[in-house]
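Please brief me on the pockets, the cavity and the strands around them in this model.

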Amino acid sequence: IVLVTGAAGQIAYSLLYSIGNGSVFGNDQPIILVLLDITPMMGVLDGVLMELQDCALPLLKDVIATDKEEVAFKDLDVAVLVGSMPRREGMERKDLLKANVKIFKSQGAALEQYAKKSVKVIVVGNPANTNCLTASKSAPSIPKENFSCLTRLDHNRAKSQIALKLGVTADDVKNVIIWGNHSSTQYPDVNHAKVKLQGKEVGVYEAVKDDSWLKGDFIMTVQQRGAAVIKARKLSSAMSAAKAIADHIRNIWFGTPEGEFVSMGVISDGNSYGIPDDLLYSFPVVIKNKTWKFVEGLPINDFSREKMDLTAKELAEEKETAFEFLSSA
């Protein structure tokens, strides 16, 4: 049983087909899909429901569309929390946090009350890291490790920028890292990344031979990519976000390939990179048997250290603001 929230929205529209056609959970895994959105969106959601029926997908055993949390969160195996309060023009980040604390506190409580304790929760709605932490805190009996937030889109963006620069396919680039917050302070790090050139694996710094680009424009491009897409399309990135969500969940379900790691926002407890505990921070992880582990022992240079601490500081501030609202909400 898989729940997608914000199910009448853009990202869900690109995501639901992948979930239903077997490319996320495998070709032999039947699925019950639950779609949750707010009451005013129920008309639109009916249209999405009709389309899913019309896809005639053999693995889709049932589709349930609802605006009620007690229906949506019942007995879940996976919850993909896409719906959130979007940032409107002239809105302070603080107001945005406040509105979202309310949503994710409520959804966390619903997970606690109705979902399986083994549920995997993936938070996409922004500010994703802090929303994820809020949901986790509101569901104390579900293991913290079961909560993750999406930084795979940033990870894929970094991968593709390197591939474009070198004229290879994205598949030839591996082990890029996104550290920290899914915001413009995130740090895309390619110090440990490898690229396949003429059948040989080379370090990205060695392959690109342009350190100032890697430390400057490359990082900026990845950090600002979401805004660039909005500027061009007048809509936020939905196709690429949905693809990243599918990648993220597929890796949780089936694990990461040998010798490869991916980025996801997870609880920072017990990390060896000097990031304070109890933050929801994006790290390089490997996944096996549906359980992630930190990639340990990567050497961190001063340039990286500064960037990693900066984004940790932003997350600590967001957390503080969110928790003030949480206790009063």
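The second largest pocket has a volume of about 250 Å³. A pocket here is an open set of points on a 1 Å grid over the protein atoms alone, with protein on both sides within 12 Å along at least five of seven lines, while a cavity is a set of points where a 1.4 Å probe fits but cannot get out; lining residues have an atom within 4 Å of a point. Grid points are joined across faces, edges and corners, and volume is the space filled by probe spheres set on the points. The model is predicted: local features need pLDDT of at least 70 and side-chain atom pairs count only at pLDDT 80 or more, whereas totals for chains, interfaces and linings use all residues. Residues are numbered from 1 along each chain as its sequence is written, and side-chain values use heavy atoms, with hydrogens and water left out.

**Second largest pocket**
- Among the 17 lining residues, K159, D171, V173, K174 and E260 are the closest to the centre of this pocket.
- Two or more lining residues come from each of α6, β7 (173-174) and β10 (194-197); helices (H or I, at least four residues) and strands (E, at least two) are DSSP runs, numbered from the N terminus.
- The lining of the second largest pocket has five nonpolar, three polar and nine charged residues; Ala, Val, Leu, Ile, Met, Phe, Trp, Tyr, Cys and Pro count as nonpolar, Asp, Glu, Lys and Arg as charged, and the others, Gly among them, as polar.

**Sheet with β7 and β10**
- Three strands form an open sheet in the order β7-β10-β11, with antiparallel pairing; two strands pair if DSSP finds at least two bridges between them.
- β7 and β11 (200-203) are at the edges with a single partner strand each, so one side of each has no neighbour in the sheet.
- β7 and β10 run antiparallel and are joined by two bridges.
- V173 is opposite V195 in β10.

**Largest pocket**
- The volume of the largest pocket is about 1,800 Å³.
- It is lined by 50 residues, of which S84, P86, R87, N126 and S236 are the closest to its centre.
- α1 (10-20), α4, α6 (152-166) and α9 (217-233) are the elements that give two or more residues to this lining.
- α9 gives the most, with seven residues.
- The lining of the largest pocket divides into 19 nonpolar, 19 polar and 12 charged residues.

**Cavity**
- There is one cavity of 30 Å³ or more, and the largest cavity holds about 70 Å³ of space.
- Residues lining the largest cavity include K120, V121, F147, I252 and W292.
- At least two lining residues come from each of β5, β6 and β14 (291-294).
- By class, this cavity lining has six nonpolar, three polar and three charged residues.

**Strand β5 and its partners**
- In β5 (residues 120-123), K120 and I122 on one side and V121 and V123 on the other are all buried, that is, under 20% relative accessible area (1.4 Å probe, protein chains only).
- Strand β4 (residues 78-81) runs parallel to β5, with four bridges between them; V78 is opposite K120.
- β5 is also joined to the parallel strand β6 (residues 147-149) by three bridges, and F147 is the bridge partner of V121.
- From β5 the chain crosses through helix α5 (residues 128-137) to β6, a right-handed β-α-β crossover; right-handed means that, with the strands pointing away from the viewer, the path from the first strand over the helix to the second runs clockwise.
- β4, helix α4 (residues 93-114) and β5 also make a right-handed β-α-β unit.

Note on methods:
Buried < 20%, exposed > 50% of the residue type's maximum accessible area, 1.4 Å probe, protein only.
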